[in-house]
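Please keep the structure in view while reading.

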Amino acid sequence: MPSAARPPRLSKSRYVQGLQCHKQLWWRVHEPDAPELAPTPGQENLFAQGKEVGERARGYVPGGELIGLPFYQYDNKVAATREVLMRDPPAIYEAWFLADETYVGVDILERTSRGHTVIEVKASNSRKPEHLPDAAVQVHVLRRAGLQVERAEVMHLNPDCRHPDLSNLFVREDVTALVEGALVGLPDELAAQQRMLEGPLPDVPIGDHCSRPYECPFIERCWPKVPDQHVSRLYRIDRKRALELEADGYATIYDLPSDLELSVIHARQVKAVRTGRVVVEPTLKSALAQFASPLAFLDFETVSLAIPRWPGCRPWQQVPVQFSVHVEERDRGLVHYEWIATGPEDPRPALAEALVAACAGGRKVVAYYASFERECLKQLREAVPTHARELERIEKRLVDLLPAVRSHVYHPDFGGGFSIKKTLPALVPGLSYTDLKIQDGEKATVELQRLMLEADRTPAAERAALREALLAYCERDTWAMVKLLEKLRSLVVDQLELF
Ligand code: SF4
């Protein structure tokens, strides 16, 4: 229940959350310990990298004073900012203000000849529409607090920046005119949010706003549970089309009328779901012809750093730092090779060398969603010119297992998706990722970063366990491909036996 004391004050982030949905804001304010609000490892990582970007940005607007008080000391930070403003420095980092019962922290407040510029620092590679309300609420509160704000900017990472030249790491975009537009109606919205927070949980219908601009953490609370074979599970169906089908009375795939026009994949999916059996097209046999032995099965894991660390890298570039390869070798059968980076130095030269050796025996190199591996190989070629020719040869031998499944097979348990996490347990019962300590790519990326870059903060035993968990995860990806291909081949044989 809402507290009877002073109404909760708003902040920059609360205002933005409230703009997306009042109900979401109410829960965030009145249930701050809700389990849905606990950050995922991926979100924690983004937050940490965002903090690093914010700190780095200060160096590009030099000469400022930092309001370095702890995060929760809002009033002290407001008072400290007031004091620093009296000294009139060229800039203030983390300047805090309070007006209209709303706190805002300004990443960088830069003094100009006739006033101030509000600079909102973003760790993204471009400016996005959702950055504007963020900047607008700061301009509003600062002006209400009596400051002359002349200009607003979004300072984001520059996708054209390449390590080691970080002089152009940031782009500063003038958004003053857009912010002035966003100020219209802002005071009314602040007042509406404050009134709403004093009342009971508001009634807000679900809709597109639940995932735009940000995925709401309370979706499970608001959205009704849907049956396993709900029409929204049709492969890549957009939400609007699924809602239309539901409104027409077709809630599940079983309900769809037989004369409904469907794509080839949807038609196969509907057939598999209705019959409860895997559907295999006769074309699967020819699709598998390209997987000619001896095969190498390849999977990369990457890290993605906001501030590039290694030569030629741009902000947020996905850099390969680990691989697993299973290779069919003439005398030894299926052999496993792996490589993982464990320190902060550039991993690509050593990885490339190990990879070239590992893939040497493979006539074709199998990947699942091969465009990812292709991009990693392209990057490696640029970063390690001494192995460029061999890496190019690997790239040319790549064959993709994903389309072989997607265009020719559907199992009722795919659940409308063709990621290996969905297709593997359906086609190869008993084999999945659920027995592993690391079970998805997002966690792997975060943990790889920890293994490589946080050696000083991670005890040796924990690092060893982390390394093992990461190796096991990557190995499972290539082992999964081995077993999937085996299964696909057996489906072709089964099919031939039927005729
Ligand atoms: S799921 Fe949608 S309606 Fe529910 S709180 Fe989130 S944004 Fe609001």
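Where does the ligand sit? The ligand sits in the largest cavity. The model under discussion is a predicted one.

**The surroundings of the ligand**

The residues around the ligand are C21, Q24, W27, V204, P205, H209, C210, C216, F218, I219 and C222. Two elements each give two or more residues to this shell, namely α2 (22-30) and α8 (219-222). Sorted by class, the shell comprises nine nonpolar residues and two polar residues, while charged residues are absent.

Two members of the shell, W27 and F218, also form an aromatic pair. Such a pair is described by the distance of the ring centres and the angle of the planes. In the structure as a whole there are twelve aromatic pairs. For W27 and F218, the ring centres are 5.0 Å apart and the planes stand at 45°; the pair is therefore tilted, since planes under 30 degrees apart count as stacked and those over 60 as edge-to-face. W27 belongs to helix α2, whereas F218 lies in the loop between α7 (186-198) and α8, so the pair ties together parts that are 191 residues apart in sequence.

**The five-stranded sheet**

In what order do the strands of the open sheet lie? The five strands follow the order β11-β10-β9-β12-β13, and their pairing is mixed. At the edges are β11 (333-340) and β13 (398-400), each of which pairs on one side only. On average, and with direction ignored, neighbouring strands of the sheet are turned by 30° against each other.

Strands of a sheet pair through backbone hydrogen bonds, either parallel or antiparallel. The table below sets out some of the pairings.

| Strand pair | Sense | Bridges |
|---|---|---|
| β10 (318-329) and β11 | antiparallel | eight bridges |
| β9 (295-304) and β12 (364-367) | parallel | three bridges |
| β12 and β13 | parallel | three bridges |

Individual residues show how these strands are joined. E329 has G333 of β11 as its bridge partner. Further along the sheet, F297 has its bridge partner in β12, namely V366. V366 in turn has a bridge partner in β13, which is V399.

Definitions and conventions. Residues numbered from 1 in each chain as written. Predicted model: local features only at pLDDT ≥ 70, side-chain atom pairs only at ≥ 80, totals over all residues. Heavy atoms only, no water. Near = heavy atom within 4 Å. 1 Å grid on protein atoms, 1.4 Å probe; cavity = no way out; pocket = protein on both sides within 12 Å on 5 of 7 lines; lining within 4 Å. Sits in = over half its atoms within 2 Å of the grid points. Helix = DSSP H or I, 4+ residues; strand = E, 2+ residues; numbered from the N terminus. Nonpolar A, V, L, I, M, F, W, Y, C, P; charged D, E, K, R; others polar. Pairing = 2+ DSSP bridges. Axes fitted to C-alpha atoms, helices over the stretch in contact; angles between N-to-C directions. Phe/Tyr/Trp six-rings, centres within 6.5 Å; stacked < 30°, edge-to-face > 60°.
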